[in-house]
Amino acid sequence: MDLDVFVTAHHPEWDRLDHLLRRGRRLTGAEADELVALYQRTATHLSLIQSSAPDPMLTARLTQLVARARSTVTGTRRASWRDAARFLTSGFPAAMYRSRHWWVPTALLSTAVAILIGWWIATHPEVQSAIAAPDELRELTRPGGQYETYYSSHPAASFAAQVWTNNAQAAAMCLVLGAFLCFPVVWILFLNMLNLGVGIGLMSSAGRLDTFLGLVLPHGLLELTAVFVAAGTGLRLGWTLIDPGPRTRRAALAQEGRAALGMAIGLALVLFVSGVIEGFVTPSGLPTWARITIGIVAELAFLAYVYVLGGRAARAGDRGDLEAADRSAELPTAA
């Protein structure tokens, strides 16, 4: 494409669009229709220039012009309670349902790794010795030791807030760092499973695995599931860079990135529930069976939320992305 000829042929249209935009709301009906038509044509011109003869200055001018025109044509709106309700009942569960083929295998594999690490530590005294001195290990695992008092070492409210903050940060890191070709996500996930495996191994070697599970399961089922969802979504985001499918890499990353951002907000709410359980239920005087039952009920409620509500929303076409009116227009691509 001859860029000079193209600019000469179309710059009157761009100038006319700029003029109409400057007039704001003082447009007649015919001028409003003209503005819409010029906006559509200018968007196509921008796509052609970007794909065939990219020029930084011209691209910047047309990008700004198209953005202004789109804002005028579509208008602006403020977020409302309707948006929050739609996100919680449709967008968030649909995004988790769509990514289930990533986070379910991630959960199964990670759990297997934690169990394997726990078995290795429990059956190899030399590994236990490498972790800590015998006196320190006894202090960790004895009745009333550090593993048990950890959950009641601070006031319940502050402990729940601290746990929620730490877990939300870990989940957000999994989501954000997935764009770096998956490797940071795998490392974060491994560290979490290593910590869990060490606890399983040490408490098992002391014959107190049942106590450990009674402390971990009430909050850990929901907490770990949220981390697995974040890790699976991060891995999916990283894989999008490698294989975007029929979409352009830029469009695919934008779409999956927006969904991942929504996931971060939704998972923060899930981890808040987990933090409340860890702060108030885990260290409570309830019987072990009652505490574990609360954890199982919370986990089953979450899975029903994903598979029932999310499955229905996904089948209806919700991808966990922004509504069409809030997304940037995807410009046509020249062949």
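What is the mean pLDDT of the chain, and what share of its residues reach 70 or more? The mean is 83, and 90% of the residues reach 70 or more. pLDDT is the predictor's confidence in each residue, from 0 to 100.

This is a predicted model, in which local features need pLDDT of at least 70, side-chain atom pairs count only at pLDDT 80 or more, and totals for chains, interfaces and linings use all residues. Residues are numbered from 1 along each chain as its sequence is written, and side-chain values use heavy atoms, with hydrogens and water left out.

**View 1. Confidence along the chain.** Confidence is highest in H5, at a mean of 95. The lowest is in H9, at 74. Helices (H or I, at least four residues) are DSSP runs, numbered from the N terminus. Over residues 324-335 the pLDDT is below 50. Beyond near neighbours in sequence, this stretch has 21 contacts in the model. A contact means heavy atoms within 4.5 Å.

**View 2. The largest nonpolar core.** This core has 53 residues. A nonpolar core is a set of buried Ala, Val, Leu, Ile, Met, Phe, Trp, Tyr and Cys residues joined through side-chain atoms within 4.5 Å. Buried means under 20% relative accessible area, exposed over 50%, and partly exposed in between (1.4 Å probe, protein chains only). Met-96 and Leu-267 have the most contacts inside the core. Helices that give two or more residues to this core include H4 (81-98), H5 (100-122), H11 (209-242) and H12 (249-281). H11 gives the largest share, 12 residues. Apart from this core lies another, of 16 residues, among them Leu-20, Leu-38, Ile-49 and Leu-58.

**View 3. Around Met-96.** Leaving out residues up to four places away in sequence, Met-96 touches Trp-103, Val-229, Met-263, Leu-267, Phe-302, Tyr-305 and Val-306.

**View 4. Aromatic pairs.** Rings of Phe, Tyr and Trp (its six-membered ring) pair if their centres lie within 6.5 Å; planes under 30 degrees apart count as stacked, over 60 as edge-to-face and the rest as tilted. The count comes to 6 aromatic pairs. In one of them, the ring centres of Phe-6 and Trp-14 are 6.4 Å apart and the planes stand at 45°, so the pair is tilted. Both Phe-6 and Trp-14 are buried. Phe-92 and Tyr-305 also form a tilted pair, with 6.1 Å centre to centre and 50° between the planes. This pair links distant parts of the chain: Phe-92 is in helix H4 and Tyr-305 is in helix H13, 213 residues apart. Phe-92 is buried, at 3% relative accessible area. Tyr-305 is partly exposed, at 22%. Ring pairs link Phe-87, Phe-92 and Tyr-305 into a cluster.

**View 5. Arg-208 in a loop.** Arg-208 lies between H10 and H11. Is Arg-208 buried or exposed? Arg-208 counts as buried, at 14% relative accessibility. Its side chain reaches the backbone oxygen of Arg-142 at 3.3 Å. Not counting residues up to four places away in sequence, Arg-208 touches Thr-141, Arg-142, Pro-143, Glu-148 and Met-203.

**View 6. Gly-197 in helix H10**. Gly-197 is buried, with a relative accessible area of 0%. Beyond residues up to four places away in sequence, Gly-197 touches Ala-114, Ile-117, Gly-118 and Ile-121. The C-alpha atoms of Gly-197 and Val-113 are separated by 7.8 Å. Along the chain, these two residues are 84 residues apart.

Conventions
Polar contact = N/O pair within 3.5 Å; in protein donor to acceptor, adjacent residues only side chain to side chain.
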